[in-house]
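Here is a short report on one protein chain. Look at the model first, then read on.

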Amino acid sequence: MCNMRTPGSWSENILEYFLRNRQITAEDGAEITWYHAANHKAQTNEALKSTAHMIEADVLLPSDGSEHSQPIMAHPPETNSDNTLQEWLTEVMKSNKGIKLDFKSLAAVEPSMMLLENVKRHLKRPVWINADILPGPNGNSKVIDAKPFLDTVTSFFPDVTFSLGWTTGWHPEKVNEGYSWTMVKEMEYICNELSQPVTFPVRAALVRQSCSQLLWLLKKSNRYSLTIWTGKNDNYSIEDLLYIRDHFDKKQVFYDILEPQNHEFKQAIGIKVNL
């Protein structure tokens, strides 16, 4: 395992990668910028021209169900796209941006890994593979079965970075529960068997009430980090983000948040935002 997280490997810490490339100035997860849902060709081109460090996109098999269908770039409820994973990778390889691929179904994982295998030597950068593998607070969407997902990905790429989350929901008119002890312990039970880095995507509006659980989880391994994300209509405050900032190690928390909060948050902590 000594070759893990070497420069240019898929498990290299994104802070080390972007520091090495002089694209950030400090080992601070808040310095990393994200481009979300770069699925269609127009969004992918925009993402590649942007100042974002990491490009996130969604992979699924098209709805026509044909036996030899190629993985495509779309986020449910969409089931069609003008972009295949193959075409997406061809474009992204021309950049030096990190990659995060989000899987909503197990069926798309193996054919996608085969495509990634073909371009692996051209992708000397962090690659994150994401799926929601456990039910989480107020979550009702389907989880991806953890064991076959992890086994399939690691059989191709033992040195990839995993992004493993919980399905969640958020309701403005209700008291929203946070991440419970059962949820974080179940996640740790799965992840302590792994040897590669794991980031846990957690919903910004649910983090403050789950601080003790999430701090406990991060203390379990130096391979772990959090990626704070936000739903379009979630109600949370910049104070919530600053609270997270004050209570967690800056090297262990990334912020994949929407505007205008992203701008306000970066301003509040003194990080320049390139527009």
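## Terms and model

A contact means heavy atoms within 4.5 Å. Helices (H or I, at least four residues) and strands (E, at least two) are DSSP runs, numbered from the N terminus. Buried means under 20% relative accessible area, exposed means over 50%, and partly exposed lies in between (1.4 Å probe, protein chains only).

This is a predicted model: local features need pLDDT of at least 70, side-chain atom pairs count only at pLDDT 80 or more, and totals for chains, interfaces and linings use all residues. Residues are numbered from 1 along each chain as its sequence is written, and side-chain values use heavy atoms, with hydrogens and water left out.

## The whole chain

The chain has ten helices and nine strands. Its C-alpha trace spans about 45 × 40 × 40 Å along the principal axes. For 275 residues, a compact globule would have a radius of gyration near 19 Å, and the chain agrees with its 18 Å. That radius is taken over C-alpha atoms, and the globule rule is 2.2 Å times the number of residues to the power 0.38.

Of the 275 residues, 53% are buried. Take the contacts between residues at least 6 apart in sequence: 70% of them join residues at least 24 apart.

## Helix H6

Helix H6 covers residues 181–191. Its buried residues are Met183, Val184, Met187, Glu188, Ile190 and Cys191. Seen down the axis, they fall within an arc of 160 degrees, so they line one face of H6. The arc is that of the directions from the helix axis to the C-beta atoms. The face turned away from the buried side carries the exposed residues Thr182 and Tyr189.

What do the buried residues of H6 pack against? Their partners are strands S5 (127–135), S6 (161–167), S7 (198–203) and S8 (224–229), along with helices H5 (146–156) and H8 (211–219).

## Helix H3

In helix H3 (residues 85–92), the buried residues are Leu85, Trp88, Leu89 and Val92. They cover an arc of only 95 degrees around the axis, which puts them on the same side of H3. An α-helix has 3.6 residues a turn, so residues three or four places apart point the same way.

The cover over the buried residues of H3 includes helices H2 (41–49) and H4 (109–119). It also includes strands S2 (54–60), S3 (72–73) and S4 (98–103).

## Arg208

Arg208 sits in the loop between helix H7 (204–207) and H8. Arg208 is partly exposed, at 38% relative accessible area. Leaving out residues up to four places away in sequence, Arg208 touches Glu239, Asp240 and Tyr243. Arg208 and Glu239 are 31 residues apart along the chain, and their C-alpha atoms are separated by 9.8 Å.
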